[in-house]
Amino acid sequence: MEKATTVGMAPEAEQLRLLLVDDEPKLTEFLRMELEVEGYAVEIAHDGASGLIALRGEPAPDLVLLDWNLPDFTGLDICRRIRSTGMTVPVLMLTGYDEVKDKVEALDAGVDDYLVKPFSIEELLARLRALQRRSNALQPQASEPDVLSIGDLELNQANHDVRRGSRSIQLSNKEYQLLVFLMRSPNKVQSRLEILHGVWGESFYGDDNLLDVYIRYLRQKVATPEAPKLIHTVRGVGFMMRLEEAQT
């Protein structure tokens, strides 16, 4: 594992700490130089085991840039281990896989965003900035309660506990983020673009079928027999959280 130094930038306390986990030396060196120019404090791990050790270190990284294919673990394995410990650090995955099923698999593992190789450095930097903004926006706001609720559905932002009535609901990281976004604006129609930007980031331009996939996941998980439907489709516009039954 290798630590990078940063020259001519702001004091380290003011920098975002980024952990780059990738086994391609030329790529990691190139990315390190570019990221340092942008003001990131970069730490490099060339395999999954070293990446996991770095994640447990102090100070913890603010962002993780993670390759899908590593010598010992897959990026999916690493991300699942990160999320199983309760860590919410934003993770951007680099991969050559571009099918919707691959993206869904990565997002289900806890990845926050997904960038297909080859990519431009400008797009990578834009994704990282959007990821940090989105991470900040999804944190509990000072003006709102820890517990969001609509009907008998409750979401506790302090411990990520989600319940409908007495039933506990287990959500993936992306499902949780989507539910937070919808529950923050009950009875308001959210356009598909607003949801994609709010949950996947402003730089998202991929297949928006991902949104339909995750809306379906959420509906299945929060639905309760004979209880009012909560997630509604507004045809031609988007979706909304609403307690009353509505035409869809």
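Is the crossing of α6 and α7 left-handed or right-handed? Hi everyone, the crossing is right-handed, meaning that the near helix is turned clockwise from the far one by less than a right angle.

A word on the model first. This is a predicted model, where local features need pLDDT of at least 70 and side-chain atom pairs count only at pLDDT 80 or more, while totals for chains, interfaces and linings use all residues. Residues are numbered from 1 along each chain as its sequence is written, and side-chain values use heavy atoms, with hydrogens and water left out.

Back to our helices. Helix α6 (residues 173-183) packs with helix α7 (residues 192-200) at an angle of about 125°, their axes 10 Å apart. Axes here are lines fitted to C-alpha atoms, over the stretch in contact for helices, and angles run from 0 to 180 degrees between N-to-C directions. Helices are DSSP runs of H or I, at least four residues, and strands are runs of E, at least two, numbered from the N terminus. The pair is therefore oblique, the class left over after under 35 degrees (roughly parallel), over 145 (roughly antiparallel) and 65 to 115 (roughly perpendicular).

Now the sheet. Four strands form an open sheet in the order β7-β8-β9-β10, with antiparallel pairing; strands pair if DSSP finds at least two bridges between them. The edge strands are β7 (147-150) and β10 (167-169). Between β9 (residues 161-164) and β10 there are 3 bridges, and R164 has R167 in β10 as its bridge partner.

Finally, α6 lies across β7, β8 (153-156) and β9, at about 110° to β8. Thanks, everyone!

Notes. Contact means heavy atoms within 4.5 Å.
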